[in-house]
Amino acid sequence: MEYDRKSAVSSFYGGRRSSVDALNNDFPPPGPPVGRTRADSASSFYGANRASRADLYDATPSAGYTRTSYYDAGRAEPVNFARPGVDEEAPAEPVWDVYADFNNAGPRYSTAFGIADKGYRQVPSPTPYSHDGTSYAKLSTPTVGAEEPATPGNVEMVTVPALGPEWKADELRGMSKKAKREEKLEEVATKWKQWKRGQRGLCGKYFTRRFTAWFVFFLCCAITIILVFTIPRVPGFNVNSQEPLSPATPPFNESIPVAFPRAPANFSFPAEMKLQADTGGNFLPLTFDNIHGTVFDLQTSRQVATGDTGKLTVPAKQFPIITLPLNFSYVATNDSDQTWNNWYNGCRNKAVYTDGKRPAVQFRLVLDMNIAGLIGKRSTSTDVNDAACPVELPANAP
(Lines give C-alpha, C1' and ligand atoms only; values in the text may rest on other atoms or scores of the structure.)
Protein backbone atom coordinates (compact mmCIF):
# COMPACT_ATOMS: atom_id res chain seq x y z
CA MET A 1 0.00 0.00 0.00
CA GLU A 2 2.85 2.26 0.78
CA TYR A 3 4.46 1.58 -2.56
CA ASP A 4 1.27 2.26 -4.36
CA ARG A 5 0.93 5.72 -2.79
CA LYS A 6 4.49 6.69 -3.58
CA SER A 7 4.30 5.38 -7.07
CA ALA A 8 1.18 7.28 -7.71
CA VAL A 9 2.80 10.53 -6.64
CA SER A 10 6.01 9.90 -8.53
CA SER A 11 4.23 8.94 -11.66
CA PHE A 12 2.60 12.33 -11.72
CA TYR A 13 5.94 14.08 -12.00
CA GLY A 14 7.33 11.59 -14.47
CA GLY A 15 9.79 10.01 -12.12
CA ARG A 16 10.31 8.76 -8.63
CA ARG A 17 10.76 11.49 -6.02
CA SER A 18 11.09 11.48 -2.31
CA SER A 19 7.85 11.59 -0.41
CA VAL A 20 6.70 14.87 1.01
CA ASP A 21 4.69 13.11 3.62
CA ALA A 22 5.84 14.20 7.05
CA LEU A 23 5.16 10.76 8.46
CA ASN A 24 7.27 8.91 5.93
CA ASN A 25 9.89 11.52 5.26
CA ASP A 26 13.35 11.07 6.75
CA PHE A 27 14.56 14.21 8.55
CA PRO A 28 17.69 15.57 6.83
CA PRO A 29 20.77 16.52 8.86
CA PRO A 30 20.97 20.19 10.05
CA GLY A 31 22.68 22.65 7.75
CA PRO A 32 21.99 24.70 4.69
CA PRO A 33 20.04 22.95 1.93
CA VAL A 34 21.87 21.37 -0.91
CA GLY A 35 21.31 22.80 -4.33
CA ARG A 36 20.59 26.24 -5.71
CA THR A 37 20.41 29.10 -3.24
CA ARG A 38 17.24 31.10 -3.70
CA ALA A 39 17.90 34.82 -4.11
CA ASP A 40 14.33 35.90 -3.81
CA SER A 41 10.88 34.87 -4.71
CA ALA A 42 10.56 37.08 -7.72
CA SER A 43 10.04 34.18 -10.05
CA SER A 44 7.39 32.59 -7.89
CA PHE A 45 5.67 35.81 -6.66
CA TYR A 46 5.84 38.19 -9.60
CA GLY A 47 6.43 35.77 -12.39
CA ALA A 48 9.45 34.80 -14.44
CA ASN A 49 9.55 37.78 -16.68
CA ARG A 50 8.40 40.54 -14.27
CA ALA A 51 10.71 42.97 -12.42
CA SER A 52 10.69 43.29 -8.61
CA ARG A 53 9.11 46.25 -6.74
CA ALA A 54 11.96 46.45 -4.24
CA ASP A 55 14.29 48.41 -6.46
CA LEU A 56 13.29 49.69 -9.87
CA TYR A 57 16.91 50.39 -10.78
CA ASP A 58 18.31 47.06 -9.64
CA ALA A 59 19.19 44.67 -12.44
CA THR A 60 18.28 41.65 -10.38
CA PRO A 61 14.54 41.39 -9.85
CA SER A 62 13.74 41.16 -6.16
CA ALA A 63 10.71 41.34 -3.87
CA GLY A 64 12.61 43.45 -1.28
CA TYR A 65 13.84 40.63 0.89
CA THR A 66 17.39 39.63 1.78
CA ARG A 67 18.82 36.22 1.70
CA THR A 68 18.75 36.00 5.45
CA SER A 69 14.96 36.15 5.34
CA TYR A 70 14.91 32.50 4.30
CA TYR A 71 17.78 30.73 5.99
CA ASP A 72 19.88 31.32 9.13
CA ALA A 73 23.35 31.48 7.70
CA GLY A 74 24.90 31.67 11.20
CA ARG A 75 27.55 34.06 12.52
CA ALA A 76 29.34 35.89 9.73
CA GLU A 77 32.24 37.43 11.69
CA PRO A 78 34.83 35.44 13.64
CA VAL A 79 34.41 34.99 17.35
CA ASN A 80 36.75 37.06 19.52
CA PHE A 81 37.29 35.45 22.90
CA ALA A 82 39.40 38.32 24.25
CA ARG A 83 37.85 40.18 27.23
CA PRO A 84 38.00 44.00 27.09
CA GLY A 85 40.24 45.45 29.77
CA VAL A 86 42.18 42.19 30.25
CA ASP A 87 43.74 41.18 26.93
CA GLU A 88 43.37 44.59 25.29
CA GLU A 89 41.84 47.92 26.28
CA ALA A 90 38.34 48.52 24.95
CA PRO A 91 38.00 51.70 22.90
CA ALA A 92 36.07 54.47 24.67
CA GLU A 93 32.86 55.40 22.97
CA PRO A 94 32.18 59.13 22.56
CA VAL A 95 29.57 60.55 24.97
CA TRP A 96 26.45 61.83 23.30
CA ASP A 97 25.80 65.46 24.21
CA VAL A 98 22.34 66.57 23.19
CA TYR A 99 23.20 70.26 23.85
CA ALA A 100 26.39 70.20 21.73
CA ASP A 101 24.89 72.03 18.75
CA PHE A 102 23.16 74.61 20.98
CA ASN A 103 25.93 75.34 23.49
CA ASN A 104 28.57 75.53 20.75
CA ALA A 105 30.96 73.52 22.92
CA GLY A 106 31.52 70.24 21.11
CA PRO A 107 31.37 68.39 17.80
CA ARG A 108 28.47 69.40 15.64
CA TYR A 109 26.30 66.39 14.98
CA SER A 110 24.27 68.24 12.40
CA THR A 111 25.91 68.41 8.98
CA ALA A 112 23.22 70.54 7.39
CA PHE A 113 24.36 73.15 4.87
CA GLY A 114 27.79 71.59 4.74
CA ILE A 115 28.81 72.64 8.29
CA ALA A 116 30.55 69.77 10.05
CA ASP A 117 33.32 71.44 12.02
CA LYS A 118 34.44 70.18 15.40
CA GLY A 119 35.23 72.19 18.52
CA TYR A 120 34.68 75.81 19.41
CA ARG A 121 33.14 78.26 16.96
CA GLN A 122 33.61 81.99 17.54
CA VAL A 123 30.33 83.91 17.75
CA PRO A 124 30.45 87.51 16.44
CA SER A 125 30.04 90.30 18.97
CA PRO A 126 26.51 91.82 19.03
CA THR A 127 28.04 95.33 19.25
CA PRO A 128 31.33 95.46 17.35
CA TYR A 129 33.44 98.56 17.71
CA SER A 130 36.76 99.87 16.50
CA HIS A 131 40.06 99.63 18.37
CA ASP A 132 40.35 103.30 19.17
CA GLY A 133 36.78 103.44 20.56
CA THR A 134 35.89 106.66 18.70
CA SER A 135 33.22 105.14 16.52
CA TYR A 136 31.48 101.86 16.01
CA ALA A 137 32.87 99.52 13.40
CA LYS A 138 30.90 98.16 10.52
CA LEU A 139 29.21 94.82 10.90
CA SER A 140 31.02 92.04 9.10
CA THR A 141 30.40 88.38 8.53
CA PRO A 142 32.48 86.38 11.02
CA THR A 143 34.78 83.66 9.85
CA VAL A 144 34.57 80.23 11.39
CA GLY A 145 37.36 79.85 13.89
CA ALA A 146 38.41 83.52 13.62
CA GLU A 147 38.59 85.69 16.68
CA GLU A 148 37.40 89.29 16.84
CA PRO A 149 40.13 91.60 18.07
CA ALA A 150 37.58 93.92 19.71
CA THR A 151 35.99 91.17 21.80
CA PRO A 152 37.59 91.05 25.27
CA GLY A 153 36.72 87.37 25.81
CA ASN A 154 35.18 84.37 24.17
CA VAL A 155 31.48 84.83 23.62
CA GLU A 156 29.61 81.57 23.90
CA MET A 157 26.01 80.64 23.35
CA VAL A 158 24.28 79.34 26.42
CA THR A 159 21.02 77.54 26.93
CA VAL A 160 18.41 80.19 27.82
CA PRO A 161 15.40 78.89 29.74
CA ALA A 162 12.08 79.30 28.07
CA LEU A 163 9.93 82.25 29.09
CA GLY A 164 7.04 81.54 31.42
CA PRO A 165 3.38 82.01 30.57
CA GLU A 166 1.77 85.43 30.52
CA TRP A 167 0.40 86.91 33.77
CA LYS A 168 -3.18 85.95 34.41
CA ALA A 169 -5.85 88.33 35.66
CA ASP A 170 -5.91 86.80 39.15
CA GLU A 171 -2.11 87.00 39.36
CA LEU A 172 -2.14 90.67 38.38
CA ARG A 173 -4.83 91.33 40.96
CA GLY A 174 -2.79 89.53 43.61
CA MET A 175 0.00 92.10 43.19
CA SER A 176 -2.30 95.09 43.80
CA LYS A 177 -2.52 96.95 47.11
CA LYS A 178 -6.16 96.02 47.56
CA ALA A 179 -5.42 92.30 47.23
CA LYS A 180 -2.48 92.55 49.63
CA ARG A 181 -4.66 94.42 52.13
CA GLU A 182 -7.33 91.73 51.81
CA GLU A 183 -4.71 89.03 52.38
CA LYS A 184 -3.53 90.77 55.54
CA LEU A 185 -7.11 91.10 56.82
CA GLU A 186 -7.76 87.45 56.03
CA GLU A 187 -4.57 86.47 57.83
CA VAL A 188 -5.56 88.52 60.87
CA ALA A 189 -9.04 86.96 60.85
CA THR A 190 -7.51 83.48 60.67
CA LYS A 191 -5.18 84.20 63.57
CA TRP A 192 -8.07 85.61 65.59
CA LYS A 193 -10.13 82.46 65.02
CA GLN A 194 -7.15 80.31 66.01
CA TRP A 195 -6.67 82.38 69.16
CA LYS A 196 -10.34 82.04 70.13
CA ARG A 197 -10.05 78.29 69.71
CA GLY A 198 -6.94 78.18 71.89
CA GLN A 199 -4.70 77.04 69.03
CA ARG A 200 -2.21 79.93 69.28
CA GLY A 201 -1.25 82.87 71.45
CA LEU A 202 -1.07 86.58 70.92
CA CYS A 203 2.74 86.54 71.14
CA GLY A 204 3.68 83.22 69.61
CA LYS A 205 2.89 80.53 72.16
CA TYR A 206 2.31 83.07 74.94
CA PHE A 207 -0.92 84.81 75.88
CA THR A 208 -3.32 82.13 74.80
CA ARG A 209 -7.03 82.65 75.34
CA ARG A 210 -7.10 81.04 78.77
CA PHE A 211 -3.91 82.71 79.96
CA THR A 212 -5.07 86.10 78.64
CA ALA A 213 -8.39 85.80 80.48
CA TRP A 214 -6.68 85.12 83.80
CA PHE A 215 -4.08 87.79 83.15
CA VAL A 216 -6.71 90.43 82.41
CA PHE A 217 -8.67 89.39 85.52
CA PHE A 218 -5.71 89.75 87.86
CA LEU A 219 -4.66 92.95 86.10
CA CYS A 220 -8.10 94.46 86.66
CA CYS A 221 -7.98 93.41 90.32
CA ALA A 222 -4.56 95.03 90.75
CA ILE A 223 -5.68 98.22 89.03
CA THR A 224 -8.81 98.35 91.18
CA ILE A 225 -6.80 97.98 94.37
CA ILE A 226 -4.38 100.67 93.25
CA LEU A 227 -7.20 103.04 92.36
CA VAL A 228 -8.91 102.46 95.70
CA PHE A 229 -5.85 103.80 97.50
CA THR A 230 -4.79 106.47 95.02
CA ILE A 231 -7.97 108.09 93.70
CA PRO A 232 -8.74 111.20 95.80
CA ARG A 233 -12.13 111.64 97.44
CA VAL A 234 -14.01 114.90 97.62
CA PRO A 235 -13.78 116.07 101.23
CA GLY A 236 -16.62 117.45 103.28
CA PHE A 237 -16.61 121.02 104.71
CA ASN A 238 -18.00 122.46 107.91
CA VAL A 239 -18.44 126.15 108.70
CA ASN A 240 -17.60 127.58 112.11
CA SER A 241 -21.00 128.11 113.64
CA GLN A 242 -19.76 130.60 116.26
CA GLU A 243 -17.90 132.87 113.86
CA PRO A 244 -18.67 132.06 110.22
CA LEU A 245 -17.03 135.30 109.02
CA SER A 246 -13.90 136.66 110.63
CA PRO A 247 -11.93 139.89 110.05
CA ALA A 248 -9.23 139.65 107.40
CA THR A 249 -5.58 139.49 108.42
CA PRO A 250 -2.60 141.27 106.85
CA PRO A 251 -1.65 141.60 104.10
CA PHE A 252 -5.04 140.77 102.61
CA ASN A 253 -6.92 143.39 104.70
CA GLU A 254 -4.65 146.11 103.42
CA SER A 255 -5.50 145.54 99.76
CA ILE A 256 -9.28 146.12 100.08
CA PRO A 257 -10.77 149.27 101.73
CA VAL A 258 -13.88 149.26 103.95
CA ALA A 259 -16.58 151.53 102.48
CA PHE A 260 -20.38 151.84 102.48
CA PRO A 261 -21.19 155.00 100.47
CA ARG A 262 -24.77 155.86 99.62
CA ALA A 263 -24.16 157.77 96.39
CA PRO A 264 -23.59 155.70 94.47
CA ALA A 265 -24.85 152.93 96.71
CA ASN A 266 -22.19 150.22 97.14
CA PHE A 267 -20.02 148.54 99.73
CA SER A 268 -16.69 146.76 99.92
CA PHE A 269 -14.70 145.15 102.74
CA PRO A 270 -12.34 142.17 103.25
CA ALA A 271 -13.18 139.06 105.29
CA GLU A 272 -12.10 135.48 105.89
CA MET A 273 -14.01 132.23 106.36
CA LYS A 274 -12.68 129.31 108.35
CA LEU A 275 -13.59 125.97 106.73
CA GLN A 276 -12.99 122.60 108.35
CA ALA A 277 -12.29 119.85 105.75
CA ASP A 278 -12.89 116.16 106.36
CA THR A 279 -10.27 114.01 104.53
CA GLY A 280 -11.10 110.73 106.27
CA GLY A 281 -11.89 108.98 103.00
CA ASN A 282 -8.44 109.61 101.51
CA PHE A 283 -5.39 107.37 101.94
CA LEU A 284 -2.95 109.85 100.41
CA PRO A 285 -2.55 113.60 101.01
CA LEU A 286 -5.15 115.62 99.13
CA THR A 287 -4.00 118.38 96.79
CA PHE A 288 -6.27 121.25 95.72
CA ASP A 289 -5.31 123.15 92.60
CA ASN A 290 -7.75 125.86 93.75
CA ILE A 291 -10.86 126.40 95.85
CA HIS A 292 -13.10 129.14 94.56
CA GLY A 293 -15.78 130.48 96.91
CA THR A 294 -18.83 132.55 95.98
CA VAL A 295 -21.16 134.25 98.51
CA PHE A 296 -24.78 135.04 97.62
CA ASP A 297 -27.28 137.01 99.68
CA LEU A 298 -29.75 134.50 101.05
CA GLN A 299 -32.79 136.79 100.63
CA THR A 300 -32.13 138.32 97.22
CA SER A 301 -29.72 135.68 95.77
CA ARG A 302 -27.41 138.47 94.59
CA GLN A 303 -23.67 137.84 94.54
CA VAL A 304 -21.86 139.86 97.15
CA ALA A 305 -18.38 138.27 97.54
CA THR A 306 -15.80 135.98 95.89
CA GLY A 307 -12.50 134.41 96.97
CA ASP A 308 -9.80 131.87 96.02
CA THR A 309 -7.40 129.80 98.09
CA GLY A 310 -4.88 128.90 95.39
CA LYS A 311 -2.98 125.60 95.37
CA LEU A 312 -2.70 123.84 98.72
CA THR A 313 -2.23 120.33 100.13
CA VAL A 314 -3.97 118.91 103.18
CA PRO A 315 -3.13 115.68 105.03
CA ALA A 316 -5.26 112.53 104.77
CA LYS A 317 -7.38 111.05 107.59
CA GLN A 318 -7.59 114.41 109.40
CA PHE A 319 -9.74 117.57 109.84
CA PRO A 320 -7.57 120.41 108.58
CA ILE A 321 -8.71 124.08 108.74
CA ILE A 322 -8.74 125.92 105.41
CA THR A 323 -8.91 129.72 105.33
CA LEU A 324 -10.86 131.19 102.43
CA PRO A 325 -10.24 134.92 101.84
CA LEU A 326 -13.34 136.79 100.63
CA ASN A 327 -13.64 140.12 98.90
CA PHE A 328 -17.07 141.59 99.58
CA SER A 329 -18.06 144.01 96.82
CA TYR A 330 -21.48 145.06 95.64
CA VAL A 331 -22.83 147.96 93.55
CA ALA A 332 -26.52 148.98 93.76
CA THR A 333 -28.68 151.46 91.92
CA ASN A 334 -29.46 153.52 95.03
CA ASP A 335 -29.49 153.18 98.78
CA SER A 336 -32.98 151.70 98.73
CA ASP A 337 -31.62 148.41 97.30
CA GLN A 338 -32.51 145.53 99.64
CA THR A 339 -29.18 143.73 99.26
CA TRP A 340 -27.29 146.91 100.11
CA ASN A 341 -29.54 147.61 103.09
CA ASN A 342 -29.18 144.05 104.46
CA TRP A 343 -25.39 144.28 104.61
CA TYR A 344 -25.35 147.96 105.63
CA ASN A 345 -27.57 147.32 108.63
CA GLY A 346 -25.59 144.26 109.62
CA CYS A 347 -22.28 146.14 109.57
CA ARG A 348 -23.37 149.39 111.36
CA ASN A 349 -22.03 150.35 114.75
CA LYS A 350 -23.56 148.70 117.82
CA ALA A 351 -24.18 152.08 119.45
CA VAL A 352 -26.80 152.87 116.86
CA TYR A 353 -29.02 150.10 118.20
CA THR A 354 -30.71 150.45 121.61
CA ASP A 355 -30.03 146.85 122.62
CA GLY A 356 -26.50 146.92 121.29
CA LYS A 357 -27.09 143.98 118.93
CA ARG A 358 -26.66 144.22 115.21
CA PRO A 359 -28.89 142.21 112.88
CA ALA A 360 -27.24 139.05 111.49
CA VAL A 361 -26.35 138.67 107.85
CA GLN A 362 -27.58 135.66 105.89
CA PHE A 363 -25.80 134.19 102.88
CA ARG A 364 -25.17 131.03 100.87
CA LEU A 365 -21.60 129.84 100.29
CA VAL A 366 -20.78 127.86 97.09
CA LEU A 367 -17.37 126.15 96.80
CA ASP A 368 -15.89 125.01 93.45
CA MET A 369 -12.91 122.70 93.93
CA ASN A 370 -10.25 121.65 91.46
CA ILE A 371 -8.72 118.49 92.96
CA ALA A 372 -5.57 116.94 91.54
CA GLY A 373 -6.33 113.45 90.22
CA LEU A 374 -9.97 114.15 89.42
CA ILE A 375 -11.38 115.31 86.10
CA GLY A 376 -13.53 118.42 86.18
CA LYS A 377 -14.74 120.49 89.11
CA ARG A 378 -16.41 119.39 92.31
CA SER A 379 -18.91 121.74 93.97
CA THR A 380 -20.50 121.98 97.37
CA SER A 381 -22.60 124.63 99.14
CA THR A 382 -23.92 125.58 102.57
CA ASP A 383 -26.29 128.19 104.01
CA VAL A 384 -25.46 130.49 106.93
CA ASN A 385 -28.39 132.23 108.72
CA ASP A 386 -26.88 134.00 111.73
CA ALA A 387 -23.47 135.30 110.79
CA ALA A 388 -22.08 138.53 112.25
CA CYS A 389 -20.61 141.13 109.95
CA PRO A 390 -16.79 140.99 110.20
CA VAL A 391 -16.48 144.80 110.06
CA GLU A 392 -18.11 147.56 112.13
CA LEU A 393 -18.74 151.03 110.76
CA PRO A 394 -18.08 154.13 112.84
CA ALA A 395 -20.92 155.51 114.91
CA ASN A 396 -21.07 158.71 112.85
CA ALA A 397 -21.12 156.88 109.52
CA PRO A 398 -23.88 158.21 107.25
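Is Lys 317 buried, partly exposed or exposed? In this predicted model, local features were considered at pLDDT of at least 70 and side-chain atom pairs at pLDDT 80 or more, whereas totals for chains, interfaces and linings use all residues. Residues are numbered from 1 along each chain as its sequence is written, and side-chain values use heavy atoms, with hydrogens and water left out.

Lys 317 counts as partly exposed because its relative accessibility is 48%; buried denotes under 20% relative accessible area, exposed over 50%, and partly exposed the range in between (1.4 Å probe, protein chains only). Lys 317 occupies the loop between β6 (312–314) and β7 (321–331), where helices (H or I, at least four residues) and strands (E, at least two) are DSSP runs numbered from the N terminus. Although not a glycine, Lys 317 has a positive phi of about 60°. Ser 301, in the loop between β4 (286–297) and β5 (303–308), likewise is not a glycine and has a positive phi of about 60°. Most residues other than glycine have a negative phi, and most peptide bonds are trans.

Two cis peptide bonds are described next. One joins Pro 250 and Pro 251, with omega about 0°; the other runs from Ala 263 to Pro 264, with omega near -10°.

A search of the whole structure finds one disulfide, defined as a pair of cysteine sulfur atoms within 2.5 Å. The disulfide is formed by Cys 347 and Cys 389, with sulfur atoms 1.8 Å apart. The S-S torsion of this pair is about 80°, so the disulfide is right-handed. Cys 347 is buried at 0% relative accessibility, and Cys 389 is buried at 6%.
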